[in-house]
Amino acid sequence: AIATAMWQGVRAHPAAIPLVLTRRMASATGFAIVDGLVAALSRANLTDRDRLAAFHAVLGLVTGAAQAELAGPLTGDAAEAAARIGAVAGADYPHIAALSKVATQTSVEDDFNGGLRMLLDGIALRGR
């Protein structure tokens, strides 16, 4: 829930993406959110190093997904952008072309949630 809220917050303020990607957080508001994420990850029974790696992985997913959607060269309708990528990839890059077809039928929210679920499942397995 915290990662999703972070992702939605960054998406709601697209002008903040360059700041998120290029500056370290130094505000009490930002620390509260991040501390909540670290606390949630602490419940996964991870070593300190694994908890740090999990934090960076989740944060990377949040910022990367928002950046790809809002600040990348293919802003606009995600399905339209995926179709353009598939057309350019064509037969020379069949894996990209095939994946772009899936992307035209998948919402940005479903894509993010699926990636987050896979990441959290892996984190949970690591803590066992």
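## A bridge between helices α1 and α7

R11 forms a salt bridge with E109, the closest N and O atoms being 3.3 Å apart, where a salt bridge is a side-chain nitrogen of Lys or Arg within 4 Å of a carboxyl oxygen of Asp or Glu. Because R11 lies in helix α1 (residues 2–12) and E109 in helix α7 (residues 108–126), the pair ties together parts that are 98 residues apart in sequence; helices here are DSSP runs of H or I with at least four residues, numbered from the N terminus. R11 has a relative accessible area of 21% and is partly exposed, as is E109 at 35% (buried means under 20%, exposed over 50%, partly exposed in between, with a 1.4 Å probe and protein chains only).

## Basis of the values

The model is predicted, so local features need pLDDT of at least 70 and side-chain atom pairs count only at pLDDT 80 or more, whereas totals for chains, interfaces and linings use all residues. Residues are numbered from 1 along each chain as its sequence is written, and side-chain values use heavy atoms, with hydrogens and water left out.

## Further salt bridges

By the salt-bridge rule the count comes to five. One of them joins D50 and R126, whose closest N and O atoms are 2.9 Å apart; with D50 in helix α4 (residues 48–71) and R126 in helix α7, this pair links distant parts of the chain, 76 residues apart. D50 counts as buried at 18% relative accessibility, while R126 counts as exposed at 57%.

Another pairs E80 with R84 at 3.1 Å between the closest N and O atoms. These two residues are four apart in helix α5 (residues 78–89), and therefore about one helical turn separates E80 and R84. E80 is partly exposed at 48%, and R84 is partly exposed at 37%.
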